[in-house]
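This briefing goes through a predicted model.

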Amino acid sequence: FGGQPARWRRLALVDLATGKKTLPCPRCDLLHHAWAWSPDGKVLAAGARDEGRYGAPFRYWRFTLAGSAKALSPDLVVEEPMRELMVRPQGQVAWLGGHPVVLARPSSGSRTDWWSLGDKPVNLTASLDAPLGRAMAIAPDSVLVRTASGVFRVTSQGKPRLVAPSQARLSTGQVLVGTQPSSFLDARGSLSRRLGMDGASL
């Protein structure tokens, strides 16, 4: 009981033009569904652990096509709540303002927030109630975060903006495997409408 799925994921970057394979971190175990490429496609930010032991905490890493690997803010870890008798890591990664933005908590704390990992980590949701799980949707310039006070549009700069009240019946729209949701659905009675990142109908 309480264990993580017994599967280790290794990262291999393959140049499709030459067939060259690079292993930026041979010891790293990647976190499922918690990675994102930079807008220029040169850097992969991902949840991973390199301690070589089962049950070690996941942190966030930066991997490059050249084969380098660097831990981003080692003090931030992925929250791992218990669900259905299993530990279910709740990591997520996006890119905003040229930097990775991640869902994490301080290793000595209990609250999970969205952090921008530039030269110095910045808590983007510190002014809000604690985010309730992963982002509802992600766009190139923002993420939609649900809290007890409502759904907020969070960017790399400026104050988070409320786009839907807490009582709104919102759900993430259907997306392809491996892609990030960029819209969500607002159910009103027997009808549903598709909303964009600013809360307006599409």
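Glycine 47 has tyrosine 60 in S5 as its bridge partner. The strands concerned, S4 and S5 (residues 59-64), pair in the antiparallel sense over six bridges. They belong to an open sheet of four strands in the order S3-S4-S5-S6, with antiparallel pairing.

**The four-stranded sheet**

- S3 and S6 (69-72) stand at the edges of the sheet with a single partner strand each, so one side of each is left without a neighbour in the sheet.
- From one strand to the next, the twist averages 30°.
- S3 and S4 run antiparallel and are joined by five bridges.
- Within this pairing, tryptophan 37 has leucine 44 in S4 as its bridge partner, and alanine 36 stands opposite alanine 45 in S4.
- S3 and S4 form a hairpin with five residues between them.
- In the turn of that hairpin, glycine 41 has a positive phi of about 75°.

**Burial of S4**

- Seven of the seven residues of S4 are buried, so the strand is largely enclosed by the rest of the structure.
- In a regular strand, side chains alternate between the two faces of the sheet.
- One side of S4 carries Val43, Ala45, Gly47 and Arg49, which are all buried.

**Serine 38 in the loop between S3 and S4**

- Serine 38 is found in the loop between S3 (29-37) and S4 (43-49).
- Serine 38 counts as buried because its relative accessibility is 7%, and the cut-off for buried is under 20%.
- The side chain of serine 38 makes a polar contact of 2.6 Å with the side chain of aspartate 40.
- The serine 38 side chain also reaches the backbone nitrogen of lysine 42, at 3.3 Å.
- With neighbours within four places in sequence left aside, serine 38 is in contact with Val43 and Trp95.

**Disulfide**

- One disulfide is found in a search of the whole structure.
- The disulfide joins cysteine 25 to cysteine 28, with an S to S distance of 2.1 Å.
- The link of cysteine 25 and cysteine 28 is right-handed, with 65° about the S-S bond.
- Cysteine 25 and cysteine 28 are both buried.

**Salt bridges**

- Side chains of opposite charge can pair when their charged atoms come close.
- Four salt bridges are found in a search of the whole structure.
- One of them is formed by glutamate 79 and arginine 105, whose closest N and O atoms are 2.5 Å apart.
- This pair links distant parts of the chain, 26 residues apart: glutamate 79 is in the loop between S7 (76-77) and S8 (82-83), and arginine 105 is in S11 (residues 99-106).
- Glutamate 79 counts as partly exposed at 24% relative accessibility, whereas arginine 105 counts as buried at 18%.
- Aspartate 113 forms a salt bridge with arginine 111, the closest N and O atoms being 2.8 Å apart.
- Aspartate 113 is buried, with a relative accessible area of 3%, while arginine 111 counts as partly exposed at 30% relative accessibility.
- Aspartate 141 and arginine 153 meet through their side chains in a salt bridge of 3.0 Å, N to O.
- Aspartate 141 lies in the loop between S14 (137-139) and S15 (142-147) and arginine 153 in S16 (residues 150-154), so this pair ties together parts that are 12 residues apart in sequence.
- Aspartate 141 is partly exposed, with a relative accessible area of 42%.

**Alanine 130**

- Alanine 130 has its place in the loop between S13 (121-123) and S14.
- With a relative accessible area of 32%, alanine 130 is partly exposed.
- Not counting residues up to four places away in sequence, alanine 130 touches Arg111, Arg146 and Thr147.
- Arg111 is also the salt-bridge partner of aspartate 113.
- Alanine 130 and valine 145 are 15 residues apart along the chain, and their C-alpha atoms are separated by 9.5 Å.

Technical notes: Residues numbered from 1 in each chain as written. Predicted model: local features only at pLDDT ≥ 70, side-chain atom pairs only at ≥ 80, totals over all residues. Heavy atoms only, no water. Helix = DSSP H or I, 4+ residues; strand = E, 2+ residues; numbered from the N terminus. Buried < 20%, exposed > 50% of the residue type's maximum accessible area, 1.4 Å probe, protein only. Polar contact = N/O pair within 3.5 Å; in protein donor to acceptor, adjacent residues only side chain to side chain. Contact = heavy atoms within 4.5 Å. Disulfide = S-S within 2.5 Å. Pairing = 2+ DSSP bridges. Axes fitted to C-alpha atoms, helices over the stretch in contact; angles between N-to-C directions.
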